[in-house]
Amino acid sequence: MPILQENIRDNRFLRLIEGALKAGYCEAWTYHPSLSGSPQGGIVSPILSNIYMDRLDRFVENTLIPEYTKGERREVHPKYRQLTSQIQTLRRQGNLEGLRTLRRELRQYPSQHPDDPGYRRLRYVRYADDFLLGFAGPLTEANQIKTRIATFLTTELRLTLSAEKTLITHAQTGRARFLGYEIGIMDNPTKLDRTRGTRTVNGKVGMYIPEDVIQAKRKRYLRDGQPIHRTELINDSEYDIIFRYQGEYRGLVNYYGLAHNLAELGYLRWTMETSLLKTLACKNQTSVTKEAKRLQSTTQTPEGPRKCLKLVIQREKKKPLMALFGGLSLKRRRNPIIEDRVILPYARTTSEIVERLLKDTCEVCGDKANVQMHHVRHLRDLNKEGKREMPLWMKIMISRKRKSIPLCKRCHDDVHHNRPKVKKQGNRRAG
């Protein structure tokens, strides 16, 4: 609250925030007071977390980074300088064989001295309560930075570092975990720039998909190490099943688009595709091969055509419904474009809503104009005692065990105004 009071003068707003922090929570119908911290899952919690952690950001940016940053660039490696001088001498002498030997030896050494005492760099990034520091310097100074951050969090913010998660990792021999990525330093002496002939990979930061993440995602579609169908989706329509698989696969590809090993998701794609085909084959009582031949297709991407599974449902005088699995390029995106859009949650249903909507027909009167969907919360509410004569729309929903039914606007209004028709009539009805 003192942090908020530094820039906010509205006492009503401050009392509202303070009340939310002290409101407590209810679990299993039991009230628990809020002793500390912002409410877990609260709407205002993310912004309050960023306001609170801003103190750490300022401490790192204004204190630690200036202290642990010095030097313009690293000195040239002594052995690299020596071999470069010898190469220039052999070039003047025209000794081509010696040039090849020395150039191969030159690639075994970095061009800049990695242990230059006059060069230090510190970088910092934070997301919510997770933060990562990249430091170019000795281990002793890295331990000093860790101790100073722990002291600042304890004294200023009353927070403690997690001993299990706060690790010091050498970026060339290991990789650090941050937001589901593995981050390390790349080292590949044979990767050369085609125009300049220099090593463009060494010393660059690399982002990778952790192997255990890929295996954990594959495990969802496996049984005894083999892809298996998903029984819980068999009662869904084919459109919904493919749409569900594609949403899960697309989310992984988009999130790990910056990873250098993005192509390893191809194995996961094969696993998901096999599981999808087995689910459809189990639903349609056919074989995986027949389902693959029926749905196999290609789609255009910015990187060219890609193989995929495509289901097209034709509709009269309307754009056809299309469900697609795959068709996503696994080429790393260096500058991804983030679309700020609201992703609607997938509402799972066991009704054949796609097939019923395609008919565009009222199931009470048979009218095809302005068809709408009528929904009820519970089927048990339809068959209550005291109803002398059950309307036709209720009989249809009870017999099909479905909580939705397509009705024309007139029948829909009749239902909501308690004027349902008892028996099915033609397209034209008396007013």
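This is a predicted model: local features need pLDDT of at least 70, side-chain atom pairs count only at pLDDT 80 or more; totals for chains, interfaces and linings use all residues.
## A salt bridge across the chain

R126 and D57 form a salt bridge whose closest N and O atoms are 2.9 Å apart; the term covers a side-chain nitrogen of Lys or Arg within 4 Å of a carboxyl oxygen of Asp or Glu. Helices (H or I, at least four residues) and strands (E, at least two) are DSSP runs, numbered from the N terminus.

Residues are numbered from 1 along each chain as its sequence is written, and side-chain values use heavy atoms, with hydrogens and water left out.

## Other salt bridges

Side chains of opposite charge can pair when their charged atoms come close. A search of the whole structure finds 19 salt bridges. One of them joins D54 to R58, with the closest N and O atoms 2.9 Å apart. These two sit 4 residues apart in helix α3 (residues 45-67), so about one helical turn separates them. D54 is partly exposed at 28% relative accessibility, and R58 is partly exposed with a relative accessible area of 49%.

E18 pairs with K22 in a salt bridge, the closest N and O atoms being 3.0 Å apart. E18 is partly exposed, at 30% relative accessible area, whereas K22 is exposed, at 55%.

## Aromatic pairs

A pair of aromatic rings is described by the distance of the centres and the angle of the planes. The whole structure holds 11 aromatic pairs. F59 and F152 make a stacked one, 4.3 Å centre to centre with 5° between the planes. Since F59 lies in helix α3 and F152 in helix α6 (residues 139-156), the pair ties together parts that are 93 residues apart in sequence. F59 and F152 are both buried.

The rings of Y239 and F243 are stacked as well, with centres 6.2 Å apart and planes at 10°. For these labels, rings of Phe, Tyr and Trp (its six-membered ring) pair if their centres lie within 6.5 Å; planes under 30 degrees apart count as stacked, over 60 as edge-to-face and the rest as tilted. Y239 and F243 are 4 residues apart in helix α8, about one helical turn. Y239 is buried at 19% relative accessible area, while F243 is partly exposed at 42%. Elsewhere, ring pairs link Y221, Y245, Y249 and F325 into a cluster.

## Surface patches

R91, R103, R104 and R107 gather in a patch of positive charge on the surface. Patches are made of residues with over 30% relative accessible area and no salt bridge, joining like charges within 9 Å and nonpolar side chains (Val, Leu, Ile, Met, Phe, Trp, Tyr) within 5 Å. R104 belongs to helix α5 (residues 96-106) and is partly exposed, with a relative accessible area of 47%.

Y127, L179 and Y255 make a nonpolar surface patch of about 320 Å². Y255 lies in helix α8 (residues 238-255) and is partly exposed at 43% relative accessible area.

How values were computed: Accessible areas come from the Shrake-Rupley method with a 1.4 Å probe; for residues, only the protein chains shown count as cover. Lys and Arg count as positive and Asp and Glu as negative; His and the chain ends are not counted. The place of a charge is taken as NZ of Lys, CZ of Arg, CG of Asp or CD of Glu. Buried means under 20% relative accessible area, exposed over 50%, partly exposed in between (1.4 Å probe, protein chains only).
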